[in-house]
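Here are my notes on this model. Please read them with the structure open.

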Amino acid sequence: MKRSELLFLVALLAVLALVPLLASNLVINFLVTALIVALAALGWNILGGLAGQISFGHAAFFGTGAYVTELLQLRFGMNAWAAAVAGIAAGALMGLAIGAAVFRARLRGSYFALVTLAFAEVLRILTNALDFTGGASGLLLKLQPGAAHFQFDQRSVFAWIGIACVGGVLLLTRHIMHSRFGAQLAAVLENEDAARALGVDIFATKLRAITLSAAITAAAGVFYVQYFLYLDANIGYGTWISIEALLAAIIGGVGTMAGPLIGALALHGLGELTRGFAGSITGIDLVIFGLLLVAAIAFAPAGIVGAWKRYVGGRRNA
Amino acid sequence: MLEVSGISRSFGGVRALDGISLSVASGSITGLIGPNGAGKTTMFGVISGFVAPDTGSVTYRGADITGEPAHLRARRGIARTFQIVQPFAGLSVGENIAVGSYLRHTKPSEAKARADAVARRVGLGAMLDQPASALTVAGRKRLELARALATEPDLLLLDEVLAGLNPSEIRDILPVIHGIRASGVTILMIEHVMQAVMALCDDIFVMAQGKMIAEGKPDAVCRDPHVIEAYLGHGAAARMQEAGNA
């Protein structure tokens, strides 16, 4: 990570932070949604990008963060901030539990992806069926604006909190990439046998990665619930967030620090644009996402960030 | 330092290892040779924790480590290279070696400094920032060696580090191996290049078809009729004897 890239990122976050001051509610709404996806994707990237364990089921963590936060407030009257912390912790625990089961069984590659998807689907079906979790009609959090309740009249405050969270996770990712843990993750991604021979505990390394990854994605779920106040099984544990987290990271640049953020902004920007032009065709944005994914895998396997680095590198060498 | 006794291991109907015992003295370079398919690499797998034996035991510095996973053996000070090189292809040479040095150094600055030092020692000093995938065969062999050395082992298992190198590359790397021993690391090496085995090894074990057929000093082993027959076929020793007398 060069200084110029870091500067670019700080500038990008600063510009994003200025948006709420100037823009309409519609644009802020777009920004907050993109930030939630960015946060989920940054979490996905720790496991999928740095450790190479491609998950199709990060909804399991997003939903756990969201449901635990909402249920603790609704059913037990807990303070919103405490519930948020509990939601993130519950997401991390869910990651630890799924990771312990899946990595103990030495599932890798497509088997790992399928099993994570299965876990998320089981949780979706359960929350959809149980009365405690609101069943199919979902859960609505009481509107009580005020900092003490983690709710704000001004959407811009949510945007700023989101930007701060994303910035924090970016720094954390950068720190990991330059640490011993990061080197172990890279070794696990590249070649497990060689990593073992060099004293890397594969199981423990993957477990740490999925726990951290799950905690970050759970934070995105917490944030979602506090912003929209409504939650049902198809939002919390739906495949949409698993797919968006993965798409944003892959299209932005898998395994890069800023890829998931850039991918989330690009995807959502494009999604809004296509909905604007062809709003009558429901789901047209998903068609575009699919085409983009194919294009990214075929032409820019390192995503937007990778393509940009190659472009800059090419010009410098020319 | 290392005592292996009565190791057997079958893969399906094939008895890859059949009651193998060997020992490596502290500070020595010990050779493990034998024709292709003798079970040498499987034996390395057993010693380094990648292959679980059906019977027998592996004892390292008095501790029974037969059931211990590979990463814990690495922490004990047993490092190995792979016959088929296994570089982290997406990482630079320096990053590859640093994965090894992170085993004993938690701080990134220390681990990187150690990796630099090891790279210079094996002659990769100029290539630290190159991607590992850009290295030549000789470079990759050196990288295998460097990564293993970076874990600061007491016992180094070298699986055919000379295979695929040309004579001048072999001449270049022999002093490196001598230097490693001189720094106090015990070495057990699988090798086919006899010139190197004779030049480097204090003791030699010879395997064929999963069995240990000979052991001893290099000169004695080379004259052993069992060894000659294992390499050149049944009756070869007698024919050589006749040829020698004629």
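Predicted model: local features only at pLDDT ≥ 70, side-chain atom pairs only at ≥ 80, totals over all residues.

1. Residues are numbered from 1 along each chain as its sequence is written, while chains are lettered from A and ligands numbered from 1 in the order in which they are written.

2. The chain contact. In chain A, 18 residues are in contact with 23 residues of chain B (C-beta atoms, placed from the backbone, within 7 Å). Helix H7 (180–190) and helix H8 (192–197) of chain A are the elements that give two or more residues to this side of chain A. Helices here are DSSP runs of H or I, at least four residues, and strands are runs of E, at least two, numbered from the N terminus. H7(A) supplies the largest share, six residues.

3. Make-up of that side. Chain A presents eight nonpolar, five polar and five charged residues to chain B. Ala, Val, Leu, Ile, Met, Phe, Trp, Tyr, Cys and Pro count as nonpolar; Asp, Glu, Lys and Arg as charged; the others, Gly among them, as polar.

4. The sheet in chain B. Six strands form an open sheet in the order S6-S7-S8-S3-S9-S10, with mixed pairing (pairing takes at least two DSSP bridges between strands). Strands S6 (78–80) and S10 (211–216) of chain B are the edges; each has a single partner strand, so one side of each is left without a neighbour in the sheet.

5. One pair in detail. S7 (155–159) and S8 (186–190) of chain B run parallel over five bridges. Leu158(B) has Met189(B) as its bridge partner in S8(B).

How values were computed
Contact = placed C-beta atoms within 7 Å.
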